[in-house]
Amino acid sequence: MITIRHAHDRGHSDLGWLDSRHSFSFGEYRDPANMGFRSLRVINDDRVAPGAGFGTHGHRDMEIISIVLEGGLEHRDSMGNGEILRPGEVQVMSAGTGVRHSEFNASKTDPVHFLQVWIMPDRAGHPPRYQQRAFPAPDRAGRLVRVAGPRTDGQSAGDAADSDGALAINQDAAVYLGSLKPGDSARHTLAPGRAAWVHVISGNATVSGKPLKAGDAVAIDGEPGVEITGAESGAEVLLFDLA
């Protein structure tokens, strides 16, 4: 089954300092028909005004992934981390038993544009953990690169990345980023029983025969795989392989 979630059907919040598009029900956007997809709970497409941001607040028992598209995102948390996330970098914060953090636009003059993703963990009570790593666009050219996935048997709780560089999350889910020029194709095979969610970050792509534009997404369930082809100006895509 292939189901399209069009960009214009997403929820929208405009707080002045924050312009956010919600793929799934979130905050004041209530959408019982779109509460998530398997363990994928949130994809928020956020634009934050210069100097503004999310003040210190708490989370628990959620795998939170941030991907900056433009500008810089300044992160601080109760684990002692203080970093600025730039385009091409991916951040994973496993909230676990509880963590407090803030996320601010690092610039006083330019907006920041980023995606924030929430994935439900495999269980409650994991130790909180923070990781960040760059995945440069040239490394993603013409293919899908795994940027986050379940911790392998050989990883300890403190390991930042798997052997392929993917950041560890506490769920049987894998996250891929791809940069496809017009005509570039990338195929992802799905094991029996698994499903995929593909979100078009920018540009245009054909996903399993469906033409999509920036902000569109497609849920793929009961299929052997996903074929993604860059169209027109090409596309940046985000793929989730979910148990």
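A residue counts as exposed when its relative accessible area is over 50%, as buried when that area is under 20%, and as partly exposed in between. Gly222 reaches 67% relative accessibility and therefore counts as exposed. The structure described here is a predicted model.

Confidence was examined over the whole chain. The average pLDDT is 94. A score of at least 70 is reached by 95% of the residues. One stretch stands apart in its score: over residues 153-160, pLDDT stays under 50. For this stretch the model has 14 contacts beyond four places in sequence.

The chain contains one helix and 20 strands. Its C-alpha trace spans about 45 × 45 × 40 Å along the principal axes. The radius of gyration is 17 Å. A compact globule of 243 residues would have a value near 18 Å, so the chain agrees with that expectation.

Among contacts with a separation of 6 or more, 73% join residues 24 or more positions apart. Of the 243 residues, 51% count as buried. The accessible surface comes to about 10,400 Å². Carbon and sulfur atoms hold 51% of this surface.

Charged side chains were counted next. There are 24 positive and 31 negative side chains. The centres of the two sets lie 2 Å apart.

Arg38 sits in the loop between strand E3, residues 18-22, and strand E4, residues 40-48. Its relative accessible area is 32%. Arg38 is therefore partly exposed, since this value falls between the 20% and 50% limits. Glu232 is placed in a strand, E20, which covers residues 225-242. With 65% relative accessibility, Glu232 counts as exposed, because the limit is 50%.

Gly11 belongs to strand E2, residues 11-14. Its relative accessible area is 3%, so Gly11 is buried. Beyond four places in sequence, Gly11 touches Ser20, Arg21, His22 and Tyr29. Ser66 is 55 residues away from Gly11 in sequence. The C-alpha atoms of Gly11 and Ser66 are 19 Å apart.

Asp19 lies in strand E3. At 23% relative accessibility, Asp19 counts as partly exposed, because this value is not under the 20% limit for buried residues. Asp19 and His113 are 94 residues apart in sequence, and their C-alpha atoms are 9.5 Å apart in space.

Towards the end of the account stands Gly222 again. The exposed Gly222 is found in the loop between strand E19, residues 217-221, and strand E20. Gly222 and Ala191 are separated by 31 residues in sequence. From C-alpha to C-alpha, Gly222 and Ala191 are 9.7 Å apart.

How values were computed: Residues are numbered from 1 along each chain as its sequence is written. This is a predicted model: local features need pLDDT of at least 70, side-chain atom pairs count only at pLDDT 80 or more; totals for chains, interfaces and linings use all residues. Side-chain values use heavy atoms; hydrogens and water are left out. Helices (H or I, at least four residues) and strands (E, at least two) are DSSP runs, numbered from the N terminus. The radius of gyration is taken over C-alpha atoms; the globule rule is 2.2 Å times the number of residues to the power 0.38. Buried means under 20% relative accessible area, exposed over 50%, partly exposed in between (1.4 Å probe, protein chains only). Contact means heavy atoms within 4.5 Å. Accessible areas come from the Shrake-Rupley method with a 1.4 Å probe; for residues, only the protein chains shown count as cover. Lys and Arg count as positive and Asp and Glu as negative; His and the chain ends are not counted. The place of a charge is taken as NZ of Lys, CZ of Arg, CG of Asp or CD of Glu. pLDDT is the predictor's confidence in each residue, from 0 to 100.
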